Amino acid sequence: MQLNLNGKIAIVTGGSKGIGQATALGFLEEGASVLVCARGKEALEETVRLAGKKGEGRIIGMQADLTQGEAIKAVVARCVEAFGRIDILVNNAGSARPGDFLTLPDEAWIDDWTLKFFGYMRMAREVLAHMHKQGAGVIINVAGTGGLKPMGSYMIGGSANIAVNHFTKALADEGAKHGVRVVGINPGPILTERLQKFISTFAPAGASQEEALKKMTPLGRVGKSEEVADLILFLASERAAFIHGANITIDGGSNPGLIG
Ligand SMILES: NC(=O)c1ccc[n+]([C@@H]2O[C@H](COP(=O)([O-])OP(=O)(O)OC[C@H]3O[C@@H](n4cnc5c(N)ncnc54)[C@H](OP(=O)(O)O)[C@@H]3O)[C@@H](O)[C@H]2O)c1
């Protein structure tokens, strides 16, 4: 299937690791140019290095803390300055922590929502203004199945994810007026640094790490970042032109509910 992403311009937030990095490298592979942003310099440099020759003149790694409104404005301005437009935004930078409800302080809720919900909302608002002028664009919000499967030990991330799902649908309604398509995805367990860090929250009690990874989905394995990236690339392409306002689950069947 030809995705025809050649020449497209994408921003991938949290594009220096995991799902974001695989997505950014996938865009390059398909001929698009990409600005990746994250806080850590080393991982950004590593991503640009991994892009190799394909990345020459087509990838920018920019340090930005997306909990800060000014940083969001700077990322969008840099993309427009360097590439002249923005065709695709992938809102992906998130790091909500699990924990015990009674001991997680207000700051944990505020900080994690500031990145995952307000970061996505602010970035979308900033980018939509450019897409509106262009009369076209695609925004993809990476939420997570934690929103569909409420757990006492993952309330911050779960509630932020479901808020992102709602925002995706509402933004689709708004975006359509400006020629902008909006889609959300809900990944289940995907083998990234983040999953390894929080494995005990999402794994069955008492399982070793290896067993836990097998038991997390009915398929007997967790997902790969590249598998999520493939879905994002398809959704960003014209091949997905009629997919709008949907939240699509990619979780190896781990969410047993009827929704998602
Ligand atoms: N992996 C899973 O199993 C899973 C499941 C469901 C949903 N998700 C969602 O998928 C998205 C990507 O997850 P992942 O597993 O790929 O995570 P990851 O491997 O931990 O990567 C997270 C990326 O976000 C960046 N980031 C974190 N805080 C940031 C901040 N304040 N400002 C800018 N960038 C920031 C990180 O770089 P720096 O730390 O250097 O800033 C990194 O590039 C997240 O939204 C996550 O909630 C993941």
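Predicted model: local features only at pLDDT ≥ 70, side-chain atom pairs only at ≥ 80, totals over all residues.
Reader: Fine. Why does asparagine 4 count as exposed, then?

Author: Asparagine 4 has 12 C-beta neighbours inside 10 Å, and therefore it counts as exposed. This residue sits in the segment before S1.

Reader: And what is its phi, positive or negative?

Author: The phi of asparagine 4 is positive, near 55°, although the residue is not a glycine. As background, most residues other than glycine have a negative phi.

Reader: Switching to helix H3, how many residues has it, and how far does it reach?

Author: Helix H3 runs over residues 69-83, which makes 15 residues, and from its first C-alpha to its last it reaches 22 Å, close to the 21 Å expected at 1.5 Å a residue. Glycine 84 follows H3, and the phi of this glycine is positive, near 90°.

Reader: Which residues of H3 are buried?

Author: Those buried in H3 are Ile72, Val75, Val76, Cys79 and Phe83. They lie on the same side of H3, because the arc they cover around the axis is only 90°. In general, an α-helix has 3.6 residues a turn, so residues three or four places apart point the same way.

Reader: What's on the other side of H3, and what covers the buried residues?

Author: On the other side of H3, the exposed residues are Glu70, Ala77 and Glu81. The cover over the buried residues of H3 includes three strands, S1 (9-13), S2 (33-38) and S3 (59-63), together with helix H4 (106-134).

Reader: Now the domains: where are they divided?

Author: Domain 1 takes in 9-188 + 223-247, while domain 2 is 191-222. Their C-alpha centres lie 24 Å apart, and eleven residues of domain 1 are in contact with eight residues of domain 2. On the side of domain 1 that touches domain 2, the classes are three nonpolar, six polar and two charged residues.

Reader: Last topic, the ligand. Which residues come nearest?

Author: There are 28 residues around the ligand, and the nearest are Gly14, Gly18, Gly40, Gly94 and Gly144. By class, the shell has twelve nonpolar, eleven polar and five charged residues.

Reader: Which helices and domains supply that shell?

Author: Helix H1 (18-29) and helix H6 (193-197) each supply at least two residues of the shell around the ligand. As for the domains, at least three residues of the shell come from each of domain 1 and domain 2.

Technical notes. Residues numbered from 1 in each chain as written. Helix = DSSP H or I, 4+ residues; strand = E, 2+ residues; numbered from the N terminus. Expected span 1.5 Å × (residues − 1). Buried ≥ 20, exposed ≤ 12 C-beta atoms within 10 Å, placed from the backbone. Arc of directions from axis to C-beta. Contact = placed C-beta atoms within 7 Å. Domains from an automatic or database assignment. Nonpolar A, V, L, I, M, F, W, Y, C, P; charged D, E, K, R; others polar. Near = placed C-beta within 6 Å.
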